[in-house]
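Work through the exercises below with the sequence and the 3D view side by side. Try each task before reading its solution.

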Amino acid sequence: MSKKVLEPLKSSLSGELTVPGDKSISHRAVIFGSLAEGTTEITHFLDGEDCMRTIDAFRAMGVEIEKDNQKIVVHGQGISSLAEPEQPINLGNSGTTARLLLGVLSGLPHHFVVYGDESLSRRPMDRVSIPLRKMGAEIDGRENGRLLPLAVRGGSLQNIAYETPVKSAQVKSAVLLAGLLAEGTTTVTEKTTTRDHTETMLRGFGGEITKQGDVISITGRQSLKAAKVEVPGDISSAAFFLAAGTLVPGSKLILKKVGLNPTRTGMLDVLTDMGARLDIINQRTVGGEAIGDILVEYSSLKGTTIEGEIIPRLIDELPIVALLASRAEGETIIRDAEELRYKETDRIAAVVDTLASLGADISATEDGMVINGGSSLRGAVVDSYGDHRIGMMIAIASLIASGQVVLTNHSCIGISYPDFFADLQKISTNLS
Ligand SMILES: O=C(O)C1=C[C@@H](OP(=O)(O)O)[C@@H](O)[C@H](O)C1
Ligand SMILES: C=C(OP(=O)(O)O)C(=O)O
């Protein structure tokens, strides 16, 4: 098992970082590039394990995808060129690859088998197999298609009017992708808005998709044209350094070219509400996505309540927000976040367990947690639970702990942030 010994930081953090490319946008760029006709170039692609799974899946269907340090080039030949893979497709640890790919596979006239690692094999897939079956796909697997491995026989899909019962961009995107390959107009209604990168990128590839109120409509059988995609920095990765800059006394950091799509910026709202010192400069739009540089400085924090509509706008940031709350003055309550239980691990249980071992006063509720702030954190041996976001949260906690933190099972951090420790080293002086 991989193990990292983390000593408390003896200095402040300072300098500039460009965080890796956005994971959600990187996946979608490969998907749309593979469905489109022509050569799609993707720069600042996230070179993490999850996005490699999406590349490998489309390569298995015959798409030529070149990759070097600078860019990804997808030689798309349109939807009808996608072939039946010879082997089962390995989705690794990636929920996004699994759900979005199932949407695409459902619309292709082939047979597919998809499987994942231990964590992904525990995560619910019925949230997508239910609507995709309604559209006409044949999907079967463990527990009647709730769990991987799944076998899919796709084909001629019918449109659907679907109201998503879960607050999930992956479910919305799976149905929209299947809708793109289906007859007629498919609509997805979501009561709470989730990240809208699928909709934005579809337009960038020349597709038509509209939103009226909470109803999104996509016309089936549109052909897409290749595009150039510049992937913004991932705000979900920047989140760890926003927290580090806020928590470590005397720190001042600049995070460059971070994606600021309003469906993703819940953490900035929460930080501001807690009293953090943030400033956003150089705001602009690239490929329909807002980006900018974020300045963050050390500050004391106060507790807050996080609930309702904001939850999908910071769902992946809740573990690091919990760490911030443990150092804030007063109580923080997180509610309506039951989706955390269906991530790489049960993130409510994992956050409560790891932060409590480090000395925080934190308890779990059914759909969130309650944190009584102000505790000093201490050293301990803590496990990442094989979850990249829990691993990075522990690493940031170690910066302000009074003793050594031993992080076990840290290699999962490569899922979304392969250079995480190198970047942490860049902005600090006593890490090794
Ligand atoms: O659509 C996406 O790219 C994602 C959506 C979210 O998952 P859910 O849709 O399951 O909430 C998020 O947690 C995940 O990291 C990426
Ligand atoms: C939940 C996550 O990803 P996925 O669902 O793609 O595994 C994440 O990156 O935090």
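Helices here are DSSP runs of H or I with at least four residues, numbered from the N terminus. The model is predicted.

**Exercise 1. Find which helices each supply at least two residues of the shell around ligand 1.**

Step 1. List the shell. Ligand 1 is surrounded by Ser-24, Gly-95, Thr-96, Ser-168, Ala-169, Gln-170, Ser-173, Arg-195, Ile-315, Asp-316 and Glu-339.

Step 2. The largest share, three residues, belongs to α6.

Step 3. Sort by class. The shell around ligand 1 holds six polar, three charged and two nonpolar residues.

**Exercise 2. Decide whether Gln-170 is buried or exposed.**

Step 1. Locate the residue. Gln-170 sits in helix α6.

Step 2. Apply the cut-off. A residue is buried if 20 or more other C-beta atoms lie within 10 Å of its own. Gln-170 has 24 C-beta neighbours inside 10 Å, so it counts as buried.

Step 3. Look at its contacts. Beyond four places in sequence, Gln-170 touches Gly-95, Thr-96, Arg-99 and Leu-100.

Step 4. Check the record. An unreviewed UniProt entry annotates "binding site" at Lys-23, Ser-24, Arg-28, Ser-168, Gln-170, Asp-316 and Lys-343.

**Exercise 3. Describe the shell around ligand 2 by class and by domain.**

Step 1. List the residues. Around ligand 2 are Lys-23, Asp-50, Ser-94, Gly-95, Thr-96, Asp-316, Lys-343, Glu-344, Arg-389 and Ser-416.

Step 2. Sort them. Six are charged, four are polar and none is nonpolar.

Step 3. Assign domains. The chain divides into domain 1 (3-21 + 232-427) and domain 2 (23-230). Each domain gives at least three residues to the shell around ligand 2. For ligand 1, too, each domain gives at least three.

Step 4. Pick out Lys-343. This residue lies in the loop between β19 (331-334) and α11 (347-357). Lys-343 is buried because 20 other C-beta atoms lie within 10 Å.

**Exercise 4. Work out how many residues of domain 1 are in contact with domain 2.**

Step 1. Count the contacts. On the domain 1 side 25 residues take part, and they meet 27 residues of domain 2.

Step 2. Classify the domain 1 side. It has ten polar, nine nonpolar and six charged residues.

**Exercise 5. Identify the residues that touch the most other members of the largest nonpolar core.**

Step 1. Name them. The core has 75 residues, and those with the most contacts to other members are Leu-242, Ala-243, Val-321, Ala-322, Leu-324 and Ile-396.

Step 2. Find the main contributor. Helix α8 (residues 235-247) gives the largest share of this core, nine residues.

Step 3. Note the other core. A second, separate core has 61 residues, among them Phe-112, Val-175, Ala-227 and Val-231.

Step 4. Follow Ala-322. Beyond four places in sequence, Ala-322 contacts Val-351, Leu-355, Ile-362, Met-369 and Ile-371.

**Exercise 6. Explain why Leu-253 counts as buried.**

Step 1. Locate the residue. Leu-253 is in strand β15 (residues 252-259).

Step 2. Count neighbours. Leu-253 has 23 C-beta neighbours inside 10 Å, so it counts as buried.

Step 3. Leu-13 and Leu-253 are 240 residues apart along the chain, yet their C-alpha atoms are separated by 7.0 Å.

Methods:
Residues are numbered from 1 along each chain as its sequence is written. Chains are lettered from A and ligands numbered from 1 in the order in which they are written. This is a predicted model: local features need pLDDT of at least 70, side-chain atom pairs count only at pLDDT 80 or more; totals for chains, interfaces and linings use all residues. A nonpolar core is a set of buried Ala, Val, Leu, Ile, Met, Phe, Trp, Tyr and Cys residues joined through C-beta atoms within 7 Å. A residue is buried if 20 or more other C-beta atoms lie within 10 Å of its own, exposed if 12 or fewer, and partly exposed in between; C-beta atoms are placed from the backbone. Two residues are in contact if their C-beta atoms, placed from the backbone, lie within 7 Å. A residue is near a molecule or strand if its C-beta atom, placed from the backbone, lies within 6 Å of it. Ala, Val, Leu, Ile, Met, Phe, Trp, Tyr, Cys and Pro count as nonpolar, Asp, Glu, Lys and Arg as charged, and the others, Gly among them, as polar. Domain bounds come from an automatic or database domain assignment. UniProt positions are given in the numbering used here, feature names are shortened, and annotations may be inferred rather than shown by experiment.
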